[in-house]
Amino acid sequence: MKYFKYNIGDPIDFEIIETNGNIIKNEDLKGKWIVLYFYPKDNTPGCTTEAKDFSSLIDEFKKLNAEVIGISPDDVEKHKKFISKHDLKIKLGSDENKELLERVGVWQKKKMFGKEYYGVVRTTVLIDPEGKIAYVWEKVKVKGHVEEVLNKIKELQN
């Protein structure tokens, strides 16, 4: 079942606070490919692997004129520690009030060990240089995902 609330071809607006305190807005990135990846929590195994994988290929993304931004409900201070601890090369955005997470549909009821709670369903959104959604990966499995995103950008640029 599809949970992401936007479709391919839809324009998407976002405004998110980055670790340096700056506000990142989609309109400021017009003309670039944008990889928005939504993830549950800093310093957890899957989220750390995903952030490190994106960081390890950041130069490849830059060659394709692509900006990579990870977004979670963690606050800016947690993001700073996460970046420092793992020497991350990507931008991280904080959505503490979950406004964007809820608007796009990735803030969902989840279940683990019989306990229900709300959290982020790992999702990646590729936005084209015109600001429209080019591709969406729902319920992302971390292994091999970053290469998949990179290959999709290459495919769409040809």
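The model is a predicted one, so local features are taken at pLDDT of at least 70 and side-chain atom pairs at pLDDT 80 or more, while totals for chains, interfaces and linings use all residues. Numbering starts from 1 along each chain as its sequence is written, and side-chain values rest on heavy atoms, with hydrogens and water left out.

Start with the sheet. Helices (H or I, at least four residues) and strands (E, at least two) are DSSP runs, numbered from the N terminus. Seven strands make up an open sheet with mixed pairing, in the order S2-S1-S5-S4-S3-S8-S9; two strands count as paired if DSSP finds at least two bridges between them. At the edges sit strand S2 (23-25) and S9, each pairing on one side only. On average, neighbouring strands of the sheet are turned by 30 degrees against each other, direction ignored. Over at S1, two bridges tie this strand to S5 in the antiparallel sense, and Glu-18 stands opposite Gly-93 in S5.

Five of its five residues are buried, so S8 is largely enclosed by the rest of the structure. Here buried means under 20% relative accessible area and exposed means over 50%, with partly exposed in between (1.4 Å probe, protein chains only). In a regular strand, side chains alternate between the two faces of the sheet. Both faces of S8 are covered, with Thr-123, Val-125 and Ile-127 buried on one side and Thr-124 and Leu-126 buried on the other. S8 runs antiparallel to strand S3 (residues 33-38), joined by five bridges, and pairs with strand S9 (residues 133-137), also antiparallel, over four bridges. Thr-124 has Tyr-37 opposite it, and its bridge partner in S9 is Trp-137. The S8 and S9 hairpin has five residues between the strands, and Gly-131 takes a positive phi near 90 degrees there.

Now for the helices. H1 lies across S3, S4 and S8, running at about 165 degrees to S3. Helix H5 (residues 145-157) also packs on the sheet, touching S3, S4, S8 and S9, and its direction makes about 155 degrees with that of S9. Axes are lines fitted to C-alpha atoms, for helices over the stretch in contact, and angles run from 0 to 180 degrees between N-to-C directions.

Helix H3 (residues 76-86) has Val-76, His-79, Phe-82, Ile-83 and His-86 as its buried residues. Viewed down the axis of H3, these fall within an arc of 120 degrees, so they line one face of the helix; the arc is that of the directions from the helix axis to the C-beta atoms. They pack against strand S1 (15-18), helix H1 (45-56), strand S4 (66-72) and strand S5 (91-94). Turned away from that buried side are the exposed residues Lys-81, Ser-84 and Lys-85. Asp-75 caps the N-terminal end of H3, with a side-chain oxygen 3.2 Å from the backbone nitrogen of Glu-77. Just after H3, Asp-87 takes a positive phi of about 50 degrees.

Finally, Val-106 sits in the loop between helix H4 (99-104) and strand S6 (107-112). Val-106 is buried, at a relative accessible area of 0%. Beyond its neighbours within four places in sequence, Val-106 is in contact (heavy atoms within 4.5 Å) with Tyr-3, Phe-4, Phe-38, Leu-101, Gly-119, Val-120, Val-121 and Thr-123.

Methods:
Polar contact = N/O pair within 3.5 Å; in protein donor to acceptor, adjacent residues only side chain to side chain.
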